Amino acid sequence: MKNLIEVQNIKKNYGKKEAVKGISFNVEEDEILGLLGPNGSGKTTTIGMLLGLLKPTSGQIFINNLKLEENRIQILEMINFISPYIELPKKLTVKQNLYVYSKLYKVQNIKERIEYLSEKLRIGELLNSITGELSSGQKNRVSLAKALVNEPKVLLLDEPTASLDPEVGDFVRTFLEEYKKEKKISILLASHNMNEVTRLCKSVLMMKNGEIIDQGKPEDLIAKHGRTNLEEVFLKLSRSKSEFN
Amino acid sequence: MSLTRIYGLFLRHFYLITRSFPRILDLVYWPSIQITLWGFISNFFATHTTYYNNAVGVILTCAILYDFLFRTSIGFNMLFLEEIWSRNFTNLFIAPMRIGEILTSLVITALIRSLIGLVPAILLTSPLFGISILDLGIFLFVLFLSLYIFGITLGILVSSGLLRFGPSFENIAWSTMFLLAPFGCIYYPIETLPEIFQKIAYALPLVYIFEEARNILINQTVNIKSVYYALMWNAFYFSLSIAMFYYSFNAAKNKGTLINMGE
């Protein structure tokens, strides 16, 4: 399998503080990699560097074999991002927002693309609604539509189902599974929902204090640490690092 | 009434102010700027009571020109601030847009916004006050162009500050024009300013624009040299603002401001 994301020994320092301490990992085509870790472990910083929003202090990032530092625009055309902490302009209708972002990503068949996403994400009835007036679950699906408007090869998800009710959360997870299978995309998923990670991810990285402290398939990590589920592994790892080094 | 709760809410704002240099600066310079500007205006009218006798529309014309400059600058900043307020900032900067594309788009939108405000103002002055800004003739276009470029330049500089320092720079965005107003010699000739302020004023395009507008309206002559100086200073500051924006963008990528646009 081809690696769509290759991260080579990236570090990020804010002054004297080391937010990310030289981590390396790959994400293959048609793979969902889970990025786990307690708050402040460096997950968001890592995603920020992959999006080109943060400049690594050292190290290199390749997306689809292109070096991010030298091919920022070309790479941004093939990736996208969703996070509950960023929103689409509230005063615009859903359709206007999707149209604007289709233009920014130079989507060719905008009408067809919006229709396709509306059907897949069940937002057809919301297209003429004001984005700011939608419920959390509706906003989440609209943000997902925006994130898929450019048919990304790489999708970065930062807690994509946070604050969603179980039904909508399940809908989003099922959609992501099917979409990944259909389009063979790579997904990097940062989440605190261990059931979600266990269900979606082929393998996971555990981060703490800017370092990767363990990695592997969820079932292998559970067995390795003698626990019954990933949440227990997470708690064990995040509470004590030295024990596992 | 609970003093504890009142104190708690006071603290919420006090902490915010004391943690942000731009907010403190904003509190300090507003009153100083207002007093300075109106002091110069008062001084001028006290000593030159007959200056505007032959051209009653000069003040109004200058007010319209200044308003155009103000709206262009604020309009540009507003477009940038809208992205921060709507929490859309990150979406914008992860879209495959070049900095040049973002700036060009904002420059065009800011012009349209300014014109929407300007045209009714121009149309109103004639029936209400019997004054037409069109009396400035063909040079009106050049003066507007100069003001537009300078307004955009200020907008880009403030947006650079927003990129670099985050939303705490917002207050500066609102007050840039007032900071420069005393040096712009909008309502009075440059001679009204103290010598040291005159030196600062001569290094800004504003003084050449407003002096020339008054010159055309009062003396019915055109000083091409002023128009040239205004455009030259504009070219300098505009280039500087573009360089500053790129610098701030890179600084923001180092500092992490692009993913942490909050308070």
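**Two chains, helix by helix**

Hi everyone, let's start with a detail: helix α3 of chain A passes helix α4 of chain A in a right-handed crossing. Before I go on, please keep in mind that this is a predicted model. Back to our pair. In chain A, α3 covers residues 94–104 and α4 covers residues 110–120. Their axes are 10 Å apart, and the two helices pack at an angle of about 130°. What do we call two helices arranged as α3(A) and α4(A) are? An angle over 145 degrees would count as roughly antiparallel, and 65 to 115 as roughly perpendicular. The angle of α3(A) and α4(A) is about 130°, so the two are oblique to each other.

Which residues make this contact? On the α3(A) side, look for A:Lys95, A:Leu98, A:Tyr99 and A:Ser102. On the α4(A) side, the partners are A:Ile110, A:Arg113 and A:Ile114. Sorted by class, the contact of α3(A) with α4(A) has four nonpolar, two charged and one polar residue.

Now let's step back to the whole of chain A. Chain A has nine helices and ten strands. Of the 245 residues in chain A, 43% count as buried. And if we take the contacts in chain A with a separation of 6 or more, 66% of them are between residues 24 or more positions apart.

A:Lys139 sits in helix α5 of chain A, which runs over residues 136–148. Is A:Lys139 buried or exposed? A residue with 20 or more other C-beta atoms within 10 Å counts as buried. A:Lys139 has 21 of them within 10 Å, so A:Lys139 is buried. A:Lys139 and A:Lys90 are 49 residues apart along the chain, and their C-alpha atoms are separated by 10.0 Å.

The second one is A:Glu151, in the loop between α5 and β7 of chain A. The phi of A:Glu151 is near 50°, a positive value in a residue other than glycine. With 15 other C-beta atoms within 10 Å, A:Glu151 is partly exposed.

How do the chains meet? Their contact takes 19 residues from chain A and 16 residues from chain B. In chain A, helices α1, α2 and α3 each supply at least two residues of the side that touches chain B. That side of chain A has 13 nonpolar, four charged and two polar residues.

On to chain B. How many helices and strands does chain B have? The count is ten helices and zero strands. The C-alpha trace of chain B spans about 60 × 50 × 40 Å along its principal axes. Of the 263 residues in chain B, 36% are buried. For contacts in chain B with a separation of 6 or more, residues 24 or more positions apart account for 77%.

Let's look at helix α3 of chain B, residues 58–85, beside helix α5 of chain B, residues 99–129. Their axes come within 8 Å and cross at roughly 155°. That makes α3(B) roughly antiparallel to α5(B). The residues in contact include B:Phe68, B:Phe76 and B:Leu79 of α3(B), and B:Leu106, B:Leu118 and B:Phe129 of α5(B). By class, this contact has twelve nonpolar, six polar and three charged residues.

α3(B) also packs with helix α9 of chain B, residues 205–219, at an angle of about 145° and with the axes 10 Å apart. Here B:Val58, B:Thr61, B:Cys62 and B:Leu65 of α3(B) meet residues of α9(B), among them B:Phe210 and B:Leu217. The contact of α3(B) with α9(B) has seven nonpolar residues, one polar and one charged.

One last stop: B:Cys185, in the loop between α7 and α8 of chain B. The phi of B:Cys185 is near 50°, again a positive value in a residue other than glycine. With 27 other C-beta atoms within 10 Å, B:Cys185 is buried.

How values were computed:
Residues numbered from 1 in each chain as written. Chains lettered and ligands numbered in written order. Predicted model: local features only at pLDDT ≥ 70, side-chain atom pairs only at ≥ 80, totals over all residues. Axes fitted to C-alpha atoms, helices over the stretch in contact; angles between N-to-C directions. Helix = DSSP H or I, 4+ residues; strand = E, 2+ residues; numbered from the N terminus. Parallel < 35°, antiparallel > 145°, perpendicular 65-115°, else oblique. Left-handed = near helix turned anticlockwise from the far one by under 90°. Contact = placed C-beta atoms within 7 Å. Nonpolar A, V, L, I, M, F, W, Y, C, P; charged D, E, K, R; others polar. Buried ≥ 20, exposed ≤ 12 C-beta atoms within 10 Å, placed from the backbone.
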